[in-house]
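Have the structure open as you read.

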Amino acid sequence: MVEFSPEVVDSIIRIASFIAAGTALIAGVGPGIGMGYAAGKATTAVRRQPEARGVIITTMLLGQIISGSTGIYSLVIAIFLVFSV
Amino acid sequence: MVQFSPEVVDTIIRAAALLGAGFAMIAGIGPGVGQGYAAGKAVESVARDPEARGNIITTMLLGQAVAESTGIYSLVIAIVLIFTI
Amino acid sequence: MKNMDNPIKLQKEILKKTYLIALLPIVSALITGAMDVLLGFVFGLVISTLLLRLKYNNIRRALKMDEEKAEKFIRNRYFIEYAMYLIVLFTAARNQDLNFLAAAVGLFMMKFTVILWTILDLFKDSIQQKLESYK
């Protein structure tokens with residue numbers, strides 16, 4: 001029968017949680033790509049119609065407020081994994 | 001035949017659940033890219049038709065809120081994996 | 001949201017509405033005496049207020065650039081912002097006086113407010129349309 005000492009059990013769980021925390025951080029790439037796309041479109045839109053600049057800035061601001069949060073979800077999980085496990 | 005003691009089995013399951021929680025958060029990439037894409041398209045259409053800005057921004061915000069739900073699903077699954085298994 | 005044309009007025013409006021909604025958890029934390037929840041929540045709220053200003057400045061700078069350059073600029077700035085969120089949440093998790101979950105909720109508060117207000121406006125519009133159709 002295979003048995004582990006308590007230190008081995010602890011270290012296996014800690015290693016697993018650190019690997020998982022690192023993997024969870026990958027999710028931060030998504031909002032970056034999306035926001036970059038929106039910014040590119042906004043610059044061409046301002047070139048085409050300079051008088052709509054205010055509306056374009058407000059649209060981008062609201063879009064950025066909302067789309068940044070999926071990254072924070074993954075950060076919350078990563079820090080949970082590191083600290084509370 | 002290799003036999004595992006109950007503590008070893010528990011350790012392996014716990015480690016696998018933590019790894020699964022980390023992998024689940026990769027799903028955060030999807031909503032981020034999609035919300036940014038929606039913001040880009042909204043900026044484009046606001047510049048094309050500034051009269052309809054109220055409708056466009058409302059539609060963009062509602063679409064982003066709905067697109068967010070897959071990110072929240074993965075967050076819920078990750079929390080369940082961390083705290084109940 | 002009322003001020004769609006003016007970004008500066010929109011920021012003030014978002015901040016006012018966010019603080020209005022944030023009064024509820026702050027007052028309930030004060031009544032129950034959970035100081036770590038109160039401090040964590042206010043910490044997240046202050047950081048998200050500062051990051052709103054940062055986002056506005058970044059967008060204004062990006063609009064003067066070419067398309068590809070603006071794409072790269074905003075992407076890099078988002079990663080800087082992500083690192084700031086990491087530092088803020090790390091601090092909240094390490095510090096005993098700050099509640100970690102309350103800090104995370106404070107960071108989400110602004111987004112929650114925007115979505116809630118949009119849905120409320122939508123309901124108001126549909127009710128007004130129905131009232132006008134009866135006249």
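The face of α3(B) that points away from its buried side carries N55(B) and V66(B), which are exposed (12 or fewer other C-beta atoms within 10 Å of a residue's own; buried needs 20 or more, anything in between is partly exposed, and C-beta atoms are placed from the backbone). Helices here are DSSP runs of H or I with at least four residues, numbered from the N terminus. Bear in mind that this is a predicted model: local features need pLDDT of at least 70, side-chain atom pairs count only at pLDDT 80 or more, and totals for chains, interfaces and linings use all residues. Residues are numbered from 1 along each chain as its sequence is written, while chains are lettered from A and ligands numbered from 1 in the order in which they are written.

**Helix α3 of chain B**

- Buried in α3(B) are R53(B), I56(B), I57(B), M60(B), L61(B), Q64(B) and A67(B).
- An α-helix has 3.6 residues a turn, so residues three or four places apart point the same way.
- The packing partners of the buried residues are α3 of chain A, α2 (29-48) of chain B and α4 (100-134) of chain C.

**α3(A) against α3(B)**

- The two helices pack at an angle of about 10 degrees, with axes 10 Å apart (axes are lines fitted to C-alpha atoms over the stretch in contact, and angles run from 0 to 180 degrees between N-to-C directions).
- That makes α3(A) roughly parallel to α3(B), a label for angles under 35 degrees.
- On the α3(A) side, V55(A), T59(A), L62(A), G63(A), I66(A) and S67(A) meet R53(B), I57(B), M60(B), L61(B) and Q64(B) of α3(B) (contact means C-beta atoms, placed from the backbone, within 7 Å).
- By class, the residues of this helix contact are six nonpolar, four polar and one charged (Ala, Val, Leu, Ile, Met, Phe, Trp, Tyr, Cys and Pro are nonpolar, Asp, Glu, Lys and Arg charged, and the others, Gly among them, polar).

Terms used:
Contact = placed C-beta atoms within 7 Å. Parallel < 35°, antiparallel > 145°, perpendicular 65-115°, else oblique.
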